[in-house]
Amino acid sequence: MTTVVSRSELKQLSTEETVALFKTLETARIDEMDGEYAATMLKQPSLFASMNGVVLQANPIMPWLCKAFRPVDGETGRGYNTFSLFGNVVQRFPMHTLIAPSRYDGKPAYQLVYRAYHSFCGEIHMVDEVRRVAPDLYLGIGTWGFTHSQRQVALPFILCLLYTSPSPRDRQKS
């Protein structure tokens, strides 16, 4: 497989090709993930997942704008998702971040663990994994579910750096 380096190339991959590419990538570092990243859903593995992606990203009431991260120390960080609610910026679904073994290949991945905080994403056991495609461009694979098999369904997305920390939209307390 040739290395994919652009957003447009990533958007053309099937879910299986995206997971195969993910396995070849290096993890993002804790100190590297410091800012806001525009989020875009990629091709999803099923009609149900595709519909959820459309509702998330193209929701006219509360569209998903980005994810934001910052290091807490050398080994962990925290982050959140940013949405627009009737034109106002709102931050939801906080996550704890760390480097941990990937569920796909056991190699290190930058993981977003939502269960660390009380939110809808934590209640559905959501965990995202992120690896670097190119400078300021990252491939993520989200998972959620109540059973082991549900949490194996890859839900790919891309992240592109918008702002380095401190972001003009960061309203979270340390």
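This is a predicted model: local features need pLDDT of at least 70, side-chain atom pairs count only at pLDDT 80 or more; totals for chains, interfaces and linings use all residues.

Colleague: Which residue forms a salt bridge with Asp31?

Modeller: The general idea comes first. Side chains of opposite charge can pair when their charged atoms come close. Here the partner of Asp31 is Arg29, and the closest N and O atoms of the two are 3.0 Å apart. Arg29 has a relative accessibility of 44%, so it counts as partly exposed.

Colleague: How many salt bridges does a search of the whole structure find?

Modeller: The search finds seven. One of them joins Lys67 to Asp128, with 3.1 Å between the closest N and O atoms. This pair links distant parts of the chain, since Lys67 lies in strand S3 and Asp128 in strand S7 (residues 127–134), 61 residues apart.

Colleague: Are Lys67 and Asp128 buried or exposed?

Modeller: Both Lys67 and Asp128 are buried. Another salt bridge runs between Lys107 and Asp105, whose closest N and O atoms are 3.9 Å apart. Lys107, at 38% relative accessibility, is partly exposed, and Asp105, with 27%, is partly exposed as well. Salt bridges may also share partners: in this way Arg29, Asp31, Glu32 and Arg132 are joined into one network.

Colleague: How should I read the overall fold, and how many helices and strands are there in the chain?

Modeller: The chain has four helices and nine strands. Read from the N terminus, their order is α-α-β-β-α-β-β-β-β-α-β-β-β. Of the contacts with a separation of 6 or more, 53% are between residues 24 or more positions apart.

Colleague: What share of the residues in the chain is buried?

Modeller: Buried residues make up 47% of the 174 in the chain. As for the surface, the chain exposes about 8800 Å², and carbon and sulfur atoms supply 59% of that area.

Colleague: Which residues touch the most other members of the largest nonpolar core?

Modeller: That core has 20 residues, and those touching the most other members are Met33, Phe69, Tyr110, Leu112, Val130, Tyr138 and Leu159. Strands S2 (35–41), S3 (64–71), S5 (88–101), S6 (108–113) and S9 (155–164) each give two or more residues to this core. Apart from it lies another core of 17 residues, including Leu13, Val133, Ala134 and Cys160.

Colleague: May we examine one member in detail? Which residues does Tyr110 touch, not counting those up to four places away in sequence?

Modeller: Among them are Ile30, Met33, Phe69, Leu98, Ile99 and Val130. The contacts of Tyr110 also include Arg29 and Asp128, two residues that we met as salt-bridge partners of Asp31 and Lys67, respectively.

Colleague: How many disulfides are counted?

Modeller: The count comes to zero. Cys66, at 0% relative accessibility, is buried, and Cys160, at 11%, is buried too.

Colleague: What should I look for in the backbone angles?

Modeller: Most residues other than glycine have a negative phi, and most peptide bonds are trans. In this model, Phe86 has a positive phi, near 50 degrees. Phe86 is placed in the loop between strand S4 (76–85) and S5, and it is exposed, with a relative accessible area of 66%. Phe93 also has a positive phi, near 60 degrees, and Phe93 lies in strand S5.

Definitions and conventions. Residues are numbered from 1 along each chain as its sequence is written. Side-chain values use heavy atoms; hydrogens and water are left out. A nonpolar core is a set of buried Ala, Val, Leu, Ile, Met, Phe, Trp, Tyr and Cys residues joined through side-chain atoms within 4.5 Å. Buried means under 20% relative accessible area, exposed over 50%, partly exposed in between (1.4 Å probe, protein chains only). Contact means heavy atoms within 4.5 Å. A salt bridge is a side-chain nitrogen of Lys or Arg within 4 Å of a carboxyl oxygen of Asp or Glu. Accessible areas come from the Shrake-Rupley method with a 1.4 Å probe; for residues, only the protein chains shown count as cover. A disulfide is a pair of cysteine sulfur atoms within 2.5 Å.
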